[in-house]
Amino acid sequence: MKRRNAGWVLFFLAPSAIPLLLFTAVPMVSSAWVSLHRWNLISPMEWVGLDNYTHLLSDPATRDVFLHTLIYCAGYLPLVFAGGLGLALLLNQRLPARAFFRAAYFLPVVTSWVVVALVWKWLLNPTSGLVNSLLGALGAPQPGWWTDPTWALPAVILASAWKDLGFVMVIMLAGLQAIAQDILEAARTDGAGAWQRFWRVTLPLLSPSTFFVVVISLINGFQVFDQVYVMTAGGPSGASQVVVGQIYDLTFRYGRAGEASALSWILFAVILVITALQVRGQRRWVHYA
Amino acid sequence: MRSFVRRGAAPLVAGLVLALAACSQGSATRTEEPAAGKSTVRYMNFSANDGHEKDLDAIKAAFEKANPDITVQIETLPYADYFTKLQTAVAGGTAGDAFELNYENFVTYTANGSLAELPGVDAAPYKPSLLDAFKADGKQYGLPASFSNVVLFYNKDHFTAAGVAAPTASWTWADEQAAAAKLTDKAKGVWGDYQPISFFEFYKTLAQSGGEFLAPDKKSATFNSDAGRKAAQFLVSKAGRTMPTEAQGAGTPDFDSKLFKDGKLAMWHSGIWMFSGLADATFDWDVVVEPGDTTKASAMFTNGAVVSAASKNKEAAQKWVTFLTSSDEMVQTRLSTSWELPPVADTGKVSSYLTAGKPANRQAVFDSLDATVLPPVIERQQEMQDAVTKELSAAAAGRKDVPTALADAQKAVDALLK
């Protein structure tokens with residue numbers, strides 16, 4: 001690159017580079033610095049080295065919040081993936097009002113989490129909610145949902161899967177439409193049935209989209225916060241407290257910003273490792289046509 | 001996915017605090033430019049929220065009339081968000097020149113150096129015990145703004161219908177339990193009793209059964225005792241029997257006040273700040289001093305007004321908090337609106353409270369003051385409150401037995417005291 005062009009390159013990069021530097025790079029570096037201190041946000045910081053990390057790693061609360069986050073991911077990912085794929089297959093057919101349904105299922109994705117969580121909180125209200133009224137009418141048991149420690153996480157999972165269905169659907173629809181019709185035609189000519197065509201042709205050829213959805217959903221899943229904060233605030237009795245919720249509470253409820261920053265970095269490391277493993281593992285099952 | 005971009009930064013929430021600090025002139029909380037020769041005092045509070053905003057405005061108007069060179073700018077926030085917001089605002093340098101603190105959080109804020117010492121306070125108007133509550137190391141860092149206590153509310157109609165004698169000041173836990181059992185009618189959705197299973201009810205019932213929450217040196221917790229187990233058992237045993245459980249909605253905001261207002265609750269342990277909200281109740285209700293066990297002990301809460309160490313208008317801010325906590329206009333406003341009580345030494349000034357309307361037995365509010373218990377306070381207050389509440393709710397939901405829950409709670413509080 002010619003030297004006199006460098007100035008122009010910087011000039012055109014600036015609109016995205018400056019916010020990235022200011023709102024991502026600077027906070028990251030400063031949170032790493034904060035994580036080595038004891039700091040209540042108000043008094044001066046006090047150097048503690050790696051104490052925050054060693055304390056967090058031996059604290060049962062850390063284990064609990066990671067466990068809850070894992071349970072969340074384990075419930076959310078299959079639901080959102082199966083649901084999104086099912087919708088994509090359905091809306092890939094020639095149906096009346098197909099465009100309307102595609103838009104309708106995508107609507108929750110662009111809706112604010114606070115609104116969605118409040119609506120679900122109302123739907124899942126144990127005494128007066130629509131879901132329990134229906135269950136009651138059917139004679140089924142009526143769970144306590146967000147008021148019951150056993151059901152609080154499932155309630156959050158249900159709302160989250162519902163909201164993100166449309167996102168998975170759109171990615172999968174794009175993947176489905178990228179599959180060349182002649183491959184499916186060839187399979188049909190060879191006598192493959194509908195199930196075989198789906199299982200042996202469509203699904204393997206969708207694997208790049210599947211890979212993308214799994215990676216993104218897991219990264220999002222580990223960072224789940226908004227819906228938990230609105231629906232359960234981590235309760236009852238901490239039964240639905242997740243990692244980012246704990247980071248929030250440590251900082252803004254308890255004034256332990258150093259530990260919160262350390263926990264952020266632990267979460268970052270966990271997500272990095274999981275994503276790296278997925279990228280490495282993709283060679284075995286992702287087929288780029 | 002739009003939220004992906006946003007959530008991508010979520011683990012760095014703590015780092016963003018620095019960015020918040022950089023926004024110390026954030027527009028949402030900016031002080032309006034005062035006119036020449038006038039100064040503006042920003043005041044943050046929670047106790048006017050949800051019904052008393054106009055009453056605080058009346059005090060502000062009276063102050064501004066008496067001090068034409070000072071303008072007061074009031075920010076009222078819900079209690080549930082107040083301390084989170086306040087901490088962030090103090091850290092970011094956007095806190096008001098003056099703000100409200102409850103007694104429980106006063107220690108945390110004096111310890112972190114965010115309060116200005118108030119010079120030359122005239123002690124005469126204040127109840128001495130309340131004034132002392134806002135001292136640290138012998139210096140005055142805040143002025144008591146109000147106090148309130150908790151009494152037993154009861155729905156007279158339920159008592160009459162069930163043929164149960166109304167509560168009296170001499171009731172004990174056993175009387176309360178027996179009445180609650182008779183008044184509970186689950187088929188009709190009517191509950192006999194409601195008392196939150198929380199830190200705040202626990203330290204009080206502990207005092208009622210003769211226990212101590214902290215050792216005298218405040219270096220260790222002492223509530224895992226016979227008295228403590230008895231108190232915890234008393235609270236926990238209500239859940240599901242005479243009181244709704246967590247799974248039935250107990251513990252969610254406004255659950256209990258709604259239940260009582262709907263006429264579905266016979267007895268309710270709650271604060272006198274609820275009086276004005278119940279003015280339009282369609283049933284007959286009254287209050288009585290809370291039942292005790294081996295002794296009587298009523299919860300007393302006090303809120304104070306403090307001046308921020310970072311304020312550029314300390315003198316004007318102190319004038320405002322002094323007026324807010326000791327003026328006759330404040331006393332009149334608080335009494336006529338059944339707000340929390342004014343912290344005044346002169347009991348003659350508060351006598352009109354007794355005849356200010358429902359409930360009839362307002363004398364119970366003052367009788368409760370004969371034996372009060374203040375919340376135990378430590379530097380890591382919020383964590384202690386959360387830890388104790390969490391263990392007690394686990395016991396109430398049957399996930400732990402009471403002795404285990406109390407032992408675990410004591411261990412958690414001891415760790416916070418290290």
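Biologist: Which residues of chain A does the UniProt annotation "transmembrane region" cover?

Modeller: UniProt positions are given in the numbering used here, with feature names shortened, and annotations may be inferred rather than shown by experiment. According to the unreviewed UniProt entry, the transmembrane regions of chain A are residues 65–91, 103–123, 151–180, 201–222 and 262–279. The model is predicted, so local features need pLDDT of at least 70 and side-chain atom pairs count only at pLDDT 80 or more, while totals for chains, interfaces and linings use all residues. Residues are numbered from 1 along each chain as its sequence is written, and chains are lettered from A and ligands numbered from 1 in the order in which they are written.

Biologist: How much helix is there over residues 103–123 and 151–180 of chain A?

Modeller: Helices (H or I, at least four residues) and strands (E, at least two) are DSSP runs, numbered from the N terminus. Residues 103–123 of chain A are 71% helix and 0% strand, with end C-alpha atoms 23 Å apart. For residues 151–180 of chain A the figures are 93% helix, 0% strand and 44 Å.

Biologist: What is the pLDDT of chain B on average?

Modeller: pLDDT is the predictor's confidence in each residue, from 0 to 100. Chain B averages 87, and 91% of its residues score at least 70. Over residues 1–29 of chain B, however, the pLDDT is below 50. Where pLDDT is low, the predicted coordinates should not be read in detail. For the complex, the predictor gives an ipTM of 0.75 and a pTM of 0.80.

Biologist: Which residues touch the most other members of the largest nonpolar core?

Modeller: A nonpolar core is a set of buried Ala, Val, Leu, Ile, Met, Phe, Trp, Tyr and Cys residues joined through C-beta atoms within 7 Å. The largest has 169 residues, and those touching the most other members are Ala98(B), Val151(B), Ala232(B), Trp320(B) and Leu392(B). Helix α7 (residues 149–178) of chain A gives the most to this core, with 16 residues.

Biologist: Is Lys312(B) buried or exposed?

Modeller: A residue is buried if 20 or more other C-beta atoms lie within 10 Å of its own, exposed if 12 or fewer, and partly exposed in between, with C-beta atoms placed from the backbone. Lys312(B) counts as exposed because it has 10 C-beta neighbours inside 10 Å. Lys312(B) is found in the loop between β9 (298–307) and α12 (314–326) of chain B. Buried residues make up 49% of the 418 residues in chain B.

Terms used:
Contact = placed C-beta atoms within 7 Å.
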